[in-house]
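The stops below each begin with a selection.

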Amino acid sequence: MKKSILLLGLIPAIVSADQVYNDDLIVAGNTCVGIDCSLDQPFPHSPLELKENNLRLRLLDTDSPVEVINTIGPDYTRAPAELGHSWSLVANDSANGGPGYFAFEQYSDPAPRLSDGTAIDYNCTNTVTGVPISGEANKDDMTVTIVGTIPEGLNWEDQWCAFHNEAIVRNGVRLTVGSTATSGGVSIGFGSDNAEGTVSVGNDSKLRRLANLAEALDDVDVLTVAQMDVYAEQKAALAKLNAKLDQIETVVLAMENPRSGGSLPAGLLATVAMLLMWRRRV
């Protein structure tokens with residue numbers, strides 16, 4: 001028995017701990033990082049692969065100036081968030097079955113929503129067992145009752161008794177996966193809506209300009225304001241020309257059907273003279 005204990009004590013334990021290298025780190029082979037990397041991980045595309053279900057690559061500049069954002073909801077507050085020193089590359093939504101996209105995002109560290117003293121306090125239990133549960137995914141098996149309000153400063157919860165620990169995100173550029181090979185969409189700028197087959201630079205309440213555009217050449221190009229001004233001037237000139245042509249038509253009809261006596265009215269003669277003068281000017 002003692003020998004067995006001795007042998008077990010000689011087996012090295014597997015220890016998981018952070019490792020800090022104070023020198024350069026050189027990896028001669030391929031590298032996979034992430035909880036979904038396998039023992040015999042293949043590398044068909046690149047020598048570095050990031051692999052897991054919530055893939056994020058964060059760039060954090062600890063010496064960059066930050067903007068402090070305070071968030072106040074209808075019945076909650078959030079700890080002040082700092083933006084401006086952290087960017088991330090994001091591949092797809094973090095929720096299972098969420099939208100597919102690739103984005104450059106500016107975001108803050110996650111922080112919980114806190115009740116302002118008026119948030120509703122829900123009690124959520126399994127309908128059959130009575131055991132407390134939470135989350136919208138369990139709503140079909142849940143009995144929800146209101147038991148009061150959540151005191152100020154405690155975690156806010158939604159109607160499914162779930163806490164929300166979230167970051168403030170400002171999307172720089174987002175490329176979405178479309179339902180067909182030729183669709184998809186692009187959104188540029190904070191808060192921009194994204195729709196399939198479109199390029200969006202804002203939303204219904206946040207409009208932006210496209211600046212420094214070249215003049216349109218093809219039928220599917222975007223017109224600039226300068227070109228629209230030229231178009232407006234040409235349209236006005238065309239309207240004047242149409243008015244003159246209407247006057248000429250009136251004169252021609254009068255000449256074809258003169259009044260008794262064989263002479264044109266003085267008003268029509270004046271109109272003809274005016275048209276001749278206008279023709280010389282143009």
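Is cysteine 37 buried, partly exposed or exposed? Cysteine 37 has a relative accessible area of 24%, and because buried means under 20% and exposed over 50%, cysteine 37 counts as partly exposed. Note before going on that this is a predicted model.

**Stop 1: the disulfides**

Now select cysteine 124 and cysteine 161. They form a disulfide, again with S to S at 1.9 Å. Here the angle about the S-S bond is 85 degrees, and the link of cysteine 124 and cysteine 161 is right-handed. Cysteine 124 sits in strand β9 (residues 120-126), while cysteine 161 belongs to the loop between β10 (142-149) and β11 (165-166), so the bond ties together parts 37 residues apart in sequence. Both cysteine 124 and cysteine 161 are buried.

The whole structure holds two disulfides. Counting bonded cysteines along the chain, their pattern is 1-2, 3-4.

**Stop 2: the sheet**

Select β3, β6, β7, β12, β13 and β14. These strands form an open sheet of six strands in the order β3-β6-β7-β12-β13-β14, with mixed pairing. At its edges are β3 and β14 (199-200), each pairing on one side only.

**Stop 3: glutamine 106**

Move to β7 (residues 101-107), the strand that contains glutamine 106. Is glutamine 106 buried or exposed? Its relative accessibility is 11%, so glutamine 106 counts as buried. Show what surrounds the residue: apart from neighbours within four places in sequence, glutamine 106 contacts Leu83, Gly84, Ser86, Trp87, Ile168, Val169 and Arg170.

**Stop 4: a nonpolar patch**

Together with Val33, Leu48, Leu50, Leu57 and Leu59, Trp87 makes a nonpolar surface patch of about 530 Å². Which strands each supply at least two residues of the nonpolar patch? They are β2 (48-50) and β3 (55-60). Finish on leucine 48, in strand β2. With a relative accessible area of 52%, leucine 48 is exposed.

Note on methods: Residues are numbered from 1 along each chain as its sequence is written. This is a predicted model: local features need pLDDT of at least 70, side-chain atom pairs count only at pLDDT 80 or more; totals for chains, interfaces and linings use all residues. Side-chain values use heavy atoms; hydrogens and water are left out. Patches are made of residues with over 30% relative accessible area and no salt bridge: like charges are joined within 9 Å, nonpolar side chains (Val, Leu, Ile, Met, Phe, Trp, Tyr) within 5 Å. Accessible areas come from the Shrake-Rupley method with a 1.4 Å probe; for residues, only the protein chains shown count as cover. A salt bridge is a side-chain nitrogen of Lys or Arg within 4 Å of a carboxyl oxygen of Asp or Glu. Helices (H or I, at least four residues) and strands (E, at least two) are DSSP runs, numbered from the N terminus. Buried means under 20% relative accessible area, exposed over 50%, partly exposed in between (1.4 Å probe, protein chains only). Contact means heavy atoms within 4.5 Å. Two strands pair if DSSP finds at least two bridges between them. A disulfide is a pair of cysteine sulfur atoms within 2.5 Å.
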